[in-house]
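Hi everyone, thanks for making time.

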Amino acid sequence: MSIVNLDFSRLPTPKDRQAYKARLARLSGNYGASVKRSAGTLDSLQGKGPLLMHGFRLRHEFIYRQEAPAGEFSDRKVPPRELRPPCTEISSSRGSTLRIYLTALAIAQKTMRAGGHPQWLPIVANTDRPGWTDLVATDAERAGHGLTTLEAKDKRARSVRASFKRLETAELIQFPRSEGKRGDFENYDLLDERGSSGERQLYKVPGPKESLTTLPSGFILNSWVHVLEDSELAVLLMVACGKGSLAGPFVSIPAETRLLHYGIGRDPYSRARKTLELFGLLKVEEVRRHRDGKTEGGENHFLHRFELRTEGFDEDALPTVITVLKEQLART
């Protein structure tokens, strides 16, 4: 007797379909090839760090801002970047800055023991070390002809340098200074996750006794860090962190906490939680509640209860997401 699995979730809207088609084309093209190259390069980096045994770990301050920013903010007027936690301060719709920083931390946790500070990697690989152009996932492709040709690797290097500038502004990386001039983007020091919200200090691989946000090692090793969009990464990290959640066995973040302490607006949050559920990384339960979590009196607001599906990270991200997108586009 065969078992038929039926999908009773809401059908994709026309806007969803447009986004899914664009995303599928991107993942099936140059960007997908770049994800595979990044995974191979990361796999080649050997060490005895805690990533495999303990998962990918982040200090809470990277994700959650302890003090709410002063001012009048709402989902129509989100706090400016400098008043958000570093995670959402450096995020963008198409940039690679957040993914580069998370990858840098992952490399440290894969190659260094607890308490270790990672050595820098060159922008472009050399005979001794792989480079960031082989670790960052982008959709860069060769452009131009003849003397004006710009190779894909050159475009990836330009993207890495732009991201390093943003990381320096957020005080998540620092470069040596010579006569008041910027260095050549080499010999940088990775700074810890607190960024400009804390005292500047070198990044050290977290120890086992620290209070941390933890994701399964597959988040890194199976390339979810590259396949997910920045808004999805932010929501995923919010759920994994769970600070500010209402009491209970699930993570339930009130809207005010999501906005002021995590720096996540309503629209990116709404899109991200749907795709994270589709990709099998989140269990989502929608409950009619007020924003403060109460259920009695007045008009109710939806508050979602979340739980990480840790087993979802065991899947290879690229083929998993491609399959899900194709399935959603085939639904009528």
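This is a predicted model: local features need pLDDT of at least 70, side-chain atom pairs count only at pLDDT 80 or more; totals for chains, interfaces and linings use all residues.

Okay, the overview. The protein has 332 residues, and 47% of them count as buried. It has 12 helices and 8 strands. Take the contacts between residues at least 6 apart in sequence: 69% of those join residues at least 24 apart. The accessible surface is about 17,300 Å², with 49% of that belonging to carbon and sulfur atoms.

Let's start with helix 2, residues 30-44. Those 15 residues reach 21 Å from the first C-alpha to the last, close to the 21 Å you'd expect at 1.5 Å a residue. Its buried residues are Tyr31, Gly32, Ser34, Val35, Ser38, Thr41 and Leu42. What do those buried residues pack against? The partners are helix 1 (14-28), helix 5, helix 7 (218-221), helix 8 (224-227) and helix 12 (317-330).

Now for the inside. The largest nonpolar core has 77 residues, and the ones that touch the most other members are Phe62, Trp132, Phe164 and Phe219. Helix 5 gives the most to this core, with 9 residues.

Two of those names come back when we look at aromatic rings. Searching the whole structure turns up 10 aromatic pairs. Here's one: Trp132 and Phe164 have ring centres 6.2 Å apart and planes at 80°, and since anything over 60 counts as edge-to-face, that's what we call this pair. Those two come from distant parts of the chain, 32 residues apart: Trp132 is in the loop between helix 5 (97-111) and helix 6 (152-169), while Phe164 is in helix 6. Buried or exposed? Trp132 is buried, at 2% relative accessible area, and Phe164 is buried too, at 1%.

Phe164 has another ring partner, Phe175. Their centres are 6.0 Å apart and the planes sit at 50°, so that pair is tilted. Phe175 is in the loop between strand 2 (173-174) and strand 3 (177-178), so the pair ties helix 6 to a part of the chain 11 residues away in sequence. Phe175 is buried as well, with a relative accessible area of 7%.

And who else does Phe164 touch? Leaving out residues up to four places away in sequence, the list is Ile100, Ile123, Trp132, Ile173, Phe175, Phe185 and Tyr188.

Elsewhere, Phe56, Phe219, Trp224 and Phe313 form one aromatic cluster. There are also charges sitting over rings. Arg129 lies over the face of Trp120, 5.1 Å from the ring centre, and the charged end of Arg258 sits over the ring of Tyr269, 4.8 Å from its centre.

Most residues other than glycine have a negative phi. Glu171 isn't a glycine, yet its phi is positive, about 60°. You'll find Glu171 in the loop between helix 6 and strand 2, and at 25% relative accessibility it counts as partly exposed. Ser223 also isn't a glycine, and has a positive phi of about 70°. Ser223 sits in the loop between helix 7 and helix 8, and it's buried, with a relative accessible area of 4%.

That's my tour. Over to you for questions.

Note on methods
Residues are numbered from 1 along each chain as its sequence is written. Side-chain values use heavy atoms; hydrogens and water are left out. Rings of Phe, Tyr and Trp (its six-membered ring) pair if their centres lie within 6.5 Å; planes under 30 degrees apart count as stacked, over 60 as edge-to-face and the rest as tilted. Helices (H or I, at least four residues) and strands (E, at least two) are DSSP runs, numbered from the N terminus. Buried means under 20% relative accessible area, exposed over 50%, partly exposed in between (1.4 Å probe, protein chains only). A charge sits over a ring if NZ of Lys or CZ of Arg is within 6 Å of the ring centre and within 35 degrees of the ring normal. A nonpolar core is a set of buried Ala, Val, Leu, Ile, Met, Phe, Trp, Tyr and Cys residues joined through side-chain atoms within 4.5 Å. Contact means heavy atoms within 4.5 Å. Accessible areas come from the Shrake-Rupley method with a 1.4 Å probe; for residues, only the protein chains shown count as cover. The expected span of a helix is 1.5 Å times one less than its number of residues.
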